Amino acid sequence: MLDELNLRLSFGDDPFGEKDNFSGKRAAKSKGTYVHLRIHKRKGKRCLTTVEGLNPELNLENILKEFKKSFCCNGNVAQDKELGKVIQLQGDQRKNVLDSLVRAGVSDKEDIKIHGY
């Protein structure tokens, strides 16, 4: 048993190593998926921004909390039948969300697609 332990340690099989840690940049590139920022018109001048395609391992509630605090808007995490969990924010927050996701290191700028007018 001691020989197995020494063998595992010599090959660097660290249970807390880099492979177990989550990195949004590597996860987004390895899957080939994009984060989509969309805007939807509501009645009058009001609009709704949706953020979809974030890694499901991320805590969307904490991300939403930071978005709401930073952008001074309201929002929620909605469950979509096709897309899974989607963050919805009041107003046109596409530019703000793009800057925040890149600054936080969740995704690269090239992996974020902005849709809408």
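A residue counts as buried when its relative accessible area is under 20%. Keep that cut-off in mind; the model on screen is predicted.

**Stop 1: helix α3.** Select residues 60-71, then show the side chains of Phe 67 and Phe 71, which both lie in this helix. They sit four residues apart, about one turn of the helix. A search of the whole structure finds one aromatic pair. The ring centres of Phe 67 and Phe 71 are 5.3 Å apart and the planes meet at 20°, so this pair is stacked. Colour by accessibility next. Phe 67 has a relative accessible area of 5%, so it is buried. Phe 71, at 13%, also counts as buried.

**Stop 2: the largest pocket.** Stay on Phe 67, one of the residues that line the largest pocket. Helices α3 and α4 each supply at least two of the lining residues. The lining divides into five nonpolar, two polar and two charged residues. The pocket volume is about 170 Å³.

**Stop 3: Arg 94.** Move to helix α4, residues 94-104, where Arg 94 is found. Is Arg 94 buried or exposed? Its relative accessible area is 9%, so Arg 94 is buried. Now show its contacts, leaving aside neighbours within four places in sequence: Leu 37, Arg 38, Ile 39, Thr 49, Ile 114, His 115, Gly 116 and Tyr 117.

**Stop 4: Tyr 34 and Lys 113.** Select both and look at the ring of Tyr 34. Lys 113 lies over its face, 4.6 Å from the ring centre.

Note on methods
Residues are numbered from 1 along each chain as its sequence is written. This is a predicted model: local features need pLDDT of at least 70, side-chain atom pairs count only at pLDDT 80 or more; totals for chains, interfaces and linings use all residues. Side-chain values use heavy atoms; hydrogens and water are left out. Rings of Phe, Tyr and Trp (its six-membered ring) pair if their centres lie within 6.5 Å; planes under 30 degrees apart count as stacked, over 60 as edge-to-face and the rest as tilted. Buried means under 20% relative accessible area, exposed over 50%, partly exposed in between (1.4 Å probe, protein chains only). A charge sits over a ring if NZ of Lys or CZ of Arg is within 6 Å of the ring centre and within 35 degrees of the ring normal. Contact means heavy atoms within 4.5 Å. On a 1 Å grid over the protein atoms alone, a cavity is a set of points where a 1.4 Å probe fits but cannot get out, and a pocket is an open set with protein on both sides within 12 Å along at least five of seven lines; lining residues have an atom within 4 Å of a point. Grid points are joined across faces, edges and corners, and a volume is the space filled by probe spheres set on the points. Ala, Val, Leu, Ile, Met, Phe, Trp, Tyr, Cys and Pro count as nonpolar, Asp, Glu, Lys and Arg as charged, and the others, Gly among them, as polar.
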